[in-house]
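Hi,

Here is the structure I promised to pass on. Have a look first, and my notes follow below.

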Amino acid sequence: MSPGSTNPPLLDADSAAFLNSPVNSVNVATRDADNVPAVARAQGCRVSDDRRRVTLLFPSSRSADVLRNLRANGALSMAMTRPLTAQALQLKGTVARIEPATPEQRASVEPYRLAFAAELESLGYGREFAQGVVPPLEDECIAVTFTPAAVFVATPGPNAGRKLGAES
């Protein structure tokens, strides 16, 4: 546990490992003041060592509406799915920081992109389509760090919708 923390993190070790995997589809939904939704694909995800924070990487030009909403109200929902297995988690939370990605974070985007495209190709999608789903990073990369307030199993099956964490 983190110093001063009395509750265990909502993410267990297996969920954190899944979120840190380089072959997952990461979609993030936000809303504006009128509850109009915006969605963007993150190009990387990292869970903190204490499993209490999640950092998502976004290309700024293809995520403008989502980033604007996050700066305005901080509320987000993310869904991560592994194409090969349909394993999925949904996290809801509040943003703590929005800042330019570090050089190390930015360097992690290309390996993520290539691994994700390779998995799509292994499922029979054409190379051009697979690489176009997550195009190369051509502009500023923004790191969004949030604290999960709720985590749910989203994998199809009998456990879909089950809440994970301290009270589950």
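To start you off: which side chains meet in a salt bridge of 3.0 Å, N to O? They are those of E110 and R113. A salt bridge here is a side-chain nitrogen of Lys or Arg within 4 Å of a carboxyl oxygen of Asp or Glu.

Before the rest, a word on what you are looking at. This is a predicted model, where local features need pLDDT of at least 70 and side-chain atom pairs count only at pLDDT 80 or more, while totals for chains, interfaces and linings use all residues. Residues are numbered from 1 along each chain as its sequence is written, and side-chain values use heavy atoms, with hydrogens and water left out.

E110 and R113 sit three residues apart in helix α3, so about one helical turn separates them. (Helices are DSSP runs of H or I with at least four residues, strands are runs of E with at least two, and both are numbered from the N terminus.) R113 counts as buried because its relative accessibility is 6%, whereas E110 is partly exposed at 34%. For those words, buried means under 20% relative accessible area, exposed means over 50%, and partly exposed is in between, with a 1.4 Å probe and protein chains only.

The count comes to six salt bridges. Another one joins R68 to D65, with the closest N and O atoms 2.2 Å apart. These two are three residues apart in helix α2 (residues 64–73), so they too are separated by about one helical turn. D65 is partly exposed at 43% relative accessibility. R53 also forms a salt bridge, with D50, and there the closest N and O atoms are 3.2 Å apart. R53 has a relative accessible area of 33%, which makes it partly exposed, and D50 is partly exposed at 24%.

Next, the aromatics. The structure holds two aromatic pairs. In one, the rings of Y112 and F116 have centres 6.0 Å apart and planes at 10°, so the pair is stacked. (Rings of Phe, Tyr and Trp, taking its six-membered ring, pair if their centres lie within 6.5 Å; planes under 30 degrees apart count as stacked, over 60 as edge-to-face and the rest as tilted.) Y112 and F116 are four residues apart in helix α3 (residues 103–122), so about one helical turn lies between them. Y112 is buried at 4% relative accessibility, and F116 is buried at 2%. In the other pair, Y125 and F129 have ring centres 5.3 Å apart and planes at 25°, so this pair is stacked as well. Y125 is partly exposed at 44% and F129 is partly exposed at 48%.

L84 is in the loop between β5 (75–81) and β6 (88–100), and is partly exposed at 47% relative accessibility.

Happy browsing!
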